[in-house]
Amino acid sequence: MSAALDCDILVVGGGLTGTALALGLAKQGWQVILVEAADGNSLTATPEPATSVDEFEPRVSALSIASQRLLADLECWPLREAPQRYCDYLRMCVWDGDGTGSIEFDAGEMQVPALGTIVENRLVVRTLFQAALASNVRVLDGVRVTAWWEEGNSRGITLDDGRRIRASLTVAADGANSRLRQWVGLPTREWDYQQQAIVCTVETAQPHQATAWQRFSPTGPLALLPLLADNDARRDHFSSIVWSQDTLEARRLAALDDGEFKSALGQAIEHRLGAVVAVSRRLAVPLRQRHAKDYVRPGLALIGDAAHSIHPLAGQGANLGYSDVRVLLDELAQAFSKGLPPDDSLLLARYQRRRKGENLAMMAAMDGFKALFGQDEPALRWLRNTGMRWLDGAGPLKRRVAAEAMGL
Ligand SMILES: Cc1cc2nc3c(=O)[nH]c(=O)nc-3n(C[C@H](O)[C@H](O)[C@H](O)COP(=O)(O)OP(=O)(O)OC[C@H]3O[C@@H](n4cnc5c(N)ncnc54)[C@H](O)[C@@H]3O)c2cc1C
């Protein structure tokens with residue numbers, strides 16, 4: 001058997017969170033290895049020019065101001081793409097499709113340049129991955145982790161090419177179905193929403209007005225997120241949709257032909273942006289909320305979707321993951337300056353304590369929203385419509401809700 005590779009900190013998973021963490025840790029001076037199953041060439045490939053709905057990646061994130069600050073600290077924001085490739089949204093319109101309640105958030109009213117930025121996930125990963133390759137991070141791409149091992153005081157993982165890596169601390173950033181979390185035996189609490197999110201890119205007859213549109217209905221929310229900012233060649237007519245529906249309805253919608261789907265979607269969004277003129281290939285993602293009971297154990301920590309995956313209702317999944325990254329970087333910077341090992345048990349306990357509360361609160365809020373809007377009873381309909389109208393007029397509280405969503 002070949003000798004194990006050694007490092008201080010091993011990060012498994014080069015997605016949105018893992019690449020950011022690995023880069024930040026290397027900047028602090030730790031010896032870091034990043035393992036990613038996908039091939040690095042595909043992750044760093046130049047994207048197609050964005051001229052039709054099929055050239056966008058369907059998975060996008062609404063990056064909060066706080067997430068953007070973290071990326072800026074890593075010298076990865078703005079992204080390396082031309083700025084036109086993503087869209088700052090200046091307004092957010094939320095309304096009840098079955099009632100009269102609505103609420104509108106406006107960047108000017110909140111005294112911020114933008115409420116957040118909609119960006120394709122692959123563009124964020126691309127910039128972070130390129131930065132990791134150019135840094136001191138040792139990047140192993142195109143290889144999978146296949147096992148976790150512990151021998152005496154040593155711990156680490158085995159790769160599918162037979163190599164072993166020994167690390168003081170391993171960070172599992174391997175996504176919602178984290179194998180590492182399962183191998184080390186960290187249990188989760190999970191529940192199935194009996195819903196699927198249909199995700200795709202659409203072109204609409206009218207421009208998106210740099211606005212995130214969200215309509216609630218008893219069968220689930222529909223979000224239209226603006227993709228590109230400029231008006232050249234109607235580029236501000238592209239939006240990404242996340243349409244969460246009960247499973248049977250989602251299956252019916254996914255099976256429609258393009259013409260029928262465009263018409264159903266236009267109706268569902270009440271033609272706020274005119275007709276839907278083009279639609280890309282659709283993905284249907286089963287919605288499951290999952291939360292690890294513990295984020296840490298000796299020698300291992302979970303971050304991002306490996307620790308918690310939430311309903312995409314409020315577009316906060318990546319933002320919660322970036323908050324995990326920020327806190328773990330903060331704890332590990334302190335450990336580095338004090339000469340403590342990265343698997344110091346008090347450090348890991350503090351990381352868990354600092355993150356669990358916020359993640360649980362966000363998950364509970366998403367469940368509350370879903371329950372409130374998932375009922376067609378007149379009393380609940382009255383409550384949510386009155387509540388929305390009241391919040392829309394309650395200046396300071398509304399600003400506080402918006403500041404929370406922006407991560408400020
Ligand atoms: C429909 C939908 C819409 C969403 N919309 C939003 C939104 O608007 N805003 C928002 O903030 N969030 C959103 N999210 C959530 C967001 O996409 C996730 O929270 C985020 O991608 C999680 O990042 P991550 O790095 O933790 O995991 P991932 O992005 O899943 O990355 C995991 C990485 O680990 C690698 N990997 C896995 N197993 C192994 C292995 N054994 N060996 C090596 N590598 C491995 C994978 O290849 C992958 O690159 C949405 C999610 C869904 C499903």
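I started with the shell around the ligand: α1 (16-28), β2 (32-36), β3 (60-63), β12 (188-204) and α9 (317-338) each supply at least two of its residues. Helices (H or I, at least four residues) and strands (E, at least two) are DSSP runs, numbered from the N terminus. I noted that this is a predicted model, where local features need pLDDT of at least 70, side-chain atom pairs count only at pLDDT 80 or more, and totals for chains, interfaces and linings use all residues. Residues are numbered from 1 along each chain as its sequence is written.

Which element gives the largest share of the shell? It is α9, with four residues. There are 36 residues around the ligand, and Gly-13, Gly-15, Gly-304, Gly-315 and Gly-317 come nearest; near here asks for a C-beta atom, placed from the backbone, within 6 Å. I sorted the shell by class and got 16 nonpolar, 14 polar and six charged residues. Ala, Val, Leu, Ile, Met, Phe, Trp, Tyr, Cys and Pro count as nonpolar, Asp, Glu, Lys and Arg as charged, and the others, Gly among them, as polar.

Next, the sheets. I found an open sheet of three strands in the order β3-β7-β4, paired antiparallel; pairing takes at least two DSSP bridges between two strands. β3 and β4 (87-89) are at the edges with a single partner strand each, so one side of each has no neighbour in the sheet. β3 joins β7 (residues 116-120) over four bridges, and Ala-62 has Ile-118 in β7 as its bridge partner.

Then I followed two hairpins. β9 (residues 145-151) and β10 (residues 154-159) pair antiparallel over six bridges, with Glu-150 opposite Arg-155. Two residues sit between these strands, and Gly-152 takes a positive phi near 60°. β10 also forms a hairpin with β11, with four residues between them, and Gly-162 in the turn has a positive phi of about 95°.

Last, the interior. Of the 408 residues, 45% count as buried, meaning 20 or more other C-beta atoms, placed from the backbone, within 10 Å of a residue's own. The largest nonpolar core has 102 residues, and Leu-21, Val-32 and Ala-301 have the most contacts inside it. Such a core is a set of buried Ala, Val, Leu, Ile, Met, Phe, Trp, Tyr and Cys residues joined through C-beta atoms within 7 Å. I looked up Val-32: leaving out residues up to four places away in sequence, it touches Cys-7, Ile-9 and Val-137, among others.

Note on methods. Buried ≥ 20, exposed ≤ 12 C-beta atoms within 10 Å, placed from the backbone. Contact = placed C-beta atoms within 7 Å.
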